[in-house]
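Have the model open and follow them from one to the next.

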Amino acid sequence: FVKVRKKGFQRPEPGGGLSTIKPVTNATVRRDLTALSSVFRAAVAAGMTDYNPPRLWDRSVIKERKRVFVPPLPHEIDTVLAYATGHFKRLIEFAAQTGVRQKEAVGIEWRDVRAEVEVLLPRTKVSRPRVVRLKSPGGDATGTVTGTPRHIRSGLLFWHGIDGEAFRNAAGQFREVMARTVAGEAAEGRTLRPFRFHDLRHTAGTYLNEAGASAIQIAAALGHKTLAMAQRYSHQSPEF
């Protein structure tokens, strides 16, 4: 499995022909093994097997390549916001100011906003509700929330369209905004370093780290299960 994933392969399509699956990084292989291990763990619990090959295999032979990651800087985020519009612009602002995940942000309803001080996230990645302060050393989203117009029928905080619908593919829409931004800046003779919607969480983590927040506080704010994961979001940059 590891060898095939690292080299890439071709697979037959239902309608005929072959599709090419490109080689992936060691980090992706390790995540795949974690997913496979979960499948085998469920099979063990169901009595289908007593063997979990991904768990027993030595993953140290596929080390992750360490890279220096610089989270989106404030002026870079401001540049992207200049090319975004409407409630999606507010969604980007909110994510940068609070560090919430994309899927968490698009599902926030006005009933989850508490006294313009905090927001309850009932549905999170770790399946455990979390409360996010609107104002913290990581940023201040108070103005973003209070300045967002309400839809006459929809209860969503961030919405689009006549019916106040949720943003179904915020990551894809963000890529479109980013492409527009990069092209627009290039036309003006400037260069912008592209980044992902998810990278906004790293910016919020950096602000918290620079403000002296502990790994425990960062984990609580960003909704991480482990301190090790929180530390991966605790960057240091001379520009912050």
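Contact here means heavy atoms within 4.5 Å. Keep in mind that this is a predicted model.

Start at Arg201. Arg201 sits in helix α9, which spans residues 199-210. Leaving aside residues up to four places away in sequence, Arg201 touches Gly99, Val100, Arg101, Arg130, Leu222, His224 and Tyr233. Two of the names in that list, Arg101 and Arg130, will return below.

Is Arg201 buried or exposed? Arg201 is buried, yet it has no salt bridge. The nearest side chain of opposite charge belongs to Glu104, 4.7 Å away. A salt bridge needs a side-chain nitrogen of Lys or Arg within 4 Å of a carboxyl oxygen of Asp or Glu. What does the side chain of Arg201 reach at 2.5 Å? The backbone oxygen of Gly99.

Now move to Glu104. Glu104 is buried, with a relative accessible area of 4%. Its side chain meets that of Arg101 in a salt bridge, 2.8 Å from N to O. Arg101 is buried too, at 13% relative accessible area. Glu104 also forms a salt bridge with Arg130, where the closest N and O atoms are 3.0 Å apart. Arg130 lies in strand β5 (residues 130-133) and Glu104 in helix α6 (residues 102-106), so this pair ties together parts that are 26 residues apart in sequence. Arg130 is likewise buried, with a relative accessible area of 8%. Taken together, Arg101, Glu104 and Arg130 are linked in a network of salt bridges. Arg201 touches both Arg101 and Arg130, but has no salt bridge.

How many salt bridges does the model hold? The count comes to eleven. Another one of them joins Arg190 to Glu185, with the closest N and O atoms 2.7 Å apart. Arg190 is partly exposed, with a relative accessible area of 44%. Glu185 is buried, at 8%.

Finish at helix α4, residues 74-83. Which of its residues are buried? They are Glu76, Ile77, Thr79, Val80 and Leu81. An α-helix has 3.6 residues a turn, so residues three or four places apart point the same way. Look for that pattern along the helix. The cover over the buried residues of α4 includes α5 (86-98), α8 (170-187) and α9.

Key:
Residues are numbered from 1 along each chain as its sequence is written. This is a predicted model: local features need pLDDT of at least 70, side-chain atom pairs count only at pLDDT 80 or more; totals for chains, interfaces and linings use all residues. Side-chain values use heavy atoms; hydrogens and water are left out. Helices (H or I, at least four residues) and strands (E, at least two) are DSSP runs, numbered from the N terminus. Buried means under 20% relative accessible area, exposed over 50%, partly exposed in between (1.4 Å probe, protein chains only). Lys and Arg count as positive and Asp and Glu as negative; His and the chain ends are not counted. A polar contact is a pair of N or O atoms within 3.5 Å; within protein, one must be able to donate a hydrogen and the other to accept it, and residues adjacent in sequence count only if both atoms are side-chain atoms.
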